[in-house]
Amino acid sequence: MSRTVARVIVDALSELGVRQVFGVVGDALNPVTDAIRETENLEWVGCRHEEAAAFAASAQSQLTGTLGVCMGTVGPGSVHLLNGLYDAAKSHAPVLAIAGQVPLAELGSDYFQEVDNDALFSDVAVFRATITSPDQLPQMLETAVRTALGRKGVAVLTVPGDLGERELTADRPARFSLNPPLSRPDDEAVRHAAELLDGSERITMLVGQGARAARADVLALADRLAAPMVLTLKAKAGFEGDTNPFQVGQTGLIGNPAAASALQDADTLLLLGTDFPYRDWYPEGRKVIQVDTEATHIGRRVPVDIGLVGDTGATVRDLLERLDTPPAGSDGARDRSHLEKARKRFDQWRAGQARLADPGHDKGVVGRIRSALDNRSHDIRPEALAAVVDRVAADDAVFTSDTGMATVWLSRFVEMRGERRLIGSYNLGSMANAMPQALGAQILDRERQVVAFCGDGGLSMLLGDLMTLKTYRLPVKLVVFDNRRLGMVKLEQEQVGLPEFGTVLDNPDFAAVAEAMGITGIRVTDPGDLDAAVRRAFSTSGPVLLDVLTNPDEIAVPAKPTVEQGWGFAVAKVKEVVRSHGDGGGH
């Protein structure tokens, strides 16, 4: 007997090794979810919002490098997937979305809940199609999966409500034949790049997530070139820690002065596996070599002298073979003063940051003066919270972070040492991603520690899926930076001289909300209780929400602050004080 459309889809997902499918059940997808119910090694994860389902599927894809799967039913259910799917697309995460649709005969009739899915997903998906006949399977499914994996993007397969239970007339097993190619750049281009590197005095490497799989080769190249290594945020996992003596942290708004100066002082920049988008942070007038698997990425952020299109590891190994520069310690080896200067400045910056993160900082003379200006309520410093979590969390923990100030504190105070992994909405910049991404990561491996750095604004946006953590007994540790603000927006307003407006959040006691949902909730208001509270949260079984009231006026100084930013901030503060005195309001 031939299989149904729903059974063909579910069997193929199971054969691909997909372990969970995230979504919200409903009408058109009922045949598919029922097929999942009857499949032993495939788990349905019922979320409270389809956006959370898409974020969770994307997180699994980013952690495994394989296919993540989510579903949304007719109309609104599919529309709700969009934001999470955009995040997957911009994170280059292969995700398959199964979308419901009205019955075939009703297509184009403005039927109840009808949405043109092929149009809806046209901008976000590398593949999209609506099944109009059972016999289009399994070929259409094979094409969707191959396209998602091959192009590292989103594929959307739409299933009308009356097709899921229909049988194929010519059934066969799905065949995917997934063997990713290993590409290498042209030999002549590699030779020219090696000659440019050999002739350069001061080289700085900007390393991105695309180089993670080639860590050993990238470190060998940094050693050979005596090059400080500036990391993108997504390259923290894989390149941070004491085993990398070349890294000097991040650049950009969340970066540090050592990384900024390492780029500025170089005469040649070597970009490996990164599409770092912030053009203002690239120095001008430098020679630039860029290595990327995507030809379209070459030169789109900064003018490039030599572009090498190919696998990062293979390209780096080719460069190492062609360089004339001897290894460190050999006669004629490259001068290491550029590297040593950058590392010294990085160590000094880290020492200063460690002082800020000390819970007793505000008790000292400098701390008391600073507190009188920016922390008169003696709220907990977010730096201190992030630093304690860094000390307590496991060396193989998975971290997720909400866009905004939570990411700033994670970037500066949490080291991605050991086998730690990091996921966030670092290309789309969406709010509300940390908790659902942690959901996807935790259900993939219930024994591995998963920590979500949540902003209060982000957490409250998709608050309902706390129930999903509880329902599936997922031991995620939710660390809430509860500054009662949209903190990054507040900072953006003040840096350009605007008074804070529209950013204040009327928050509940999030720990009490968690307790009402059946999740352990811990609320921290006293800096003296911070360390013990974090340790209690991490030693408690099951999901835990740690609600920490942090200082809303904490400032994250950019790596190279401008006079305009400082002046804007001062003007904003004056306006805020005048407004406060004039209307009895204030913060």
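This is a predicted model: local features need pLDDT of at least 70, side-chain atom pairs count only at pLDDT 80 or more; totals for chains, interfaces and linings use all residues.
How covered are the two partners? R535 is partly exposed, at 41% relative accessible area. D531 is partly exposed too, at 30%. Elsewhere, a salt-bridge network takes in R3, R7, D11, D34, R37, E38 and D171, joined through shared partners.

## Salt bridges across the sequence

Side chains of opposite charge can pair when their charged atoms come close. The structure holds 34 salt bridges. One of them joins D217 to R317, with the closest N and O atoms 2.7 Å apart. D217 belongs to helix α9 (residues 215–225) and R317 to helix α12 (residues 312–322), so this bridge ties together parts that are 100 residues apart in sequence. R317 is partly exposed, with a relative accessible area of 35%.

K287 and D305 make another salt bridge, at 3.8 Å from N to O. This pair links distant parts of the chain, 18 residues apart. K287 is in strand β11 (residues 287–292). D305 is in the loop between β11 and β12 (306–309). K287 is partly exposed, at 43% relative accessibility. D305 is also partly exposed, with a relative accessible area of 43%.

## A negative surface patch

Which residues gather in a patch of negative charge on the surface? They are D396, E419, D445 and E447.

Take D445 as an example. D445 lies in the loop that runs between α17 (434–444) and β15 (450–455). Its relative accessible area is 35%, so D445 counts as partly exposed.

## A buried aspartate in a loop

D379 sits in a loop as well, between α14 (365–374) and α15 (382–392). Is D379 buried or exposed? D379 counts as buried because its relative accessibility is 13%, and the cut-off for buried is under 20%.

What touches D379, beyond neighbours within four places in sequence? The contacts are R484, P527, L549, T550, N551 and P552. N551 lies 172 residues away along the chain, yet the C-alpha atoms of D379 and N551 are separated by 4.9 Å.

L272 is found in strand β10, which covers residues 268–272. L272 is buried, with a relative accessible area of 0%. Setting aside residues up to four places away in sequence, L272 touches M205, L206, V207, G208, A211, V218, L221, V291, T312 and V316. With G208, the sequence separation is 64 residues, and the C-alpha atoms of L272 and G208 are 6.2 Å apart.

Where is Q60 placed? Q60 is in helix α3, residues 50–64. Q60 is a buried residue, at 5% relative accessibility. Leaving out residues up to four places away in sequence, Q60 touches Q20, F22, G440, I443 and L444.

Conventions:
Residues are numbered from 1 along each chain as its sequence is written. Side-chain values use heavy atoms; hydrogens and water are left out. Patches are made of residues with over 30% relative accessible area and no salt bridge: like charges are joined within 9 Å, nonpolar side chains (Val, Leu, Ile, Met, Phe, Trp, Tyr) within 5 Å. Accessible areas come from the Shrake-Rupley method with a 1.4 Å probe; for residues, only the protein chains shown count as cover. A salt bridge is a side-chain nitrogen of Lys or Arg within 4 Å of a carboxyl oxygen of Asp or Glu. Lys and Arg count as positive and Asp and Glu as negative; His and the chain ends are not counted. The place of a charge is taken as NZ of Lys, CZ of Arg, CG of Asp or CD of Glu. Helices (H or I, at least four residues) and strands (E, at least two) are DSSP runs, numbered from the N terminus. Buried means under 20% relative accessible area, exposed over 50%, partly exposed in between (1.4 Å probe, protein chains only). Contact means heavy atoms within 4.5 Å.
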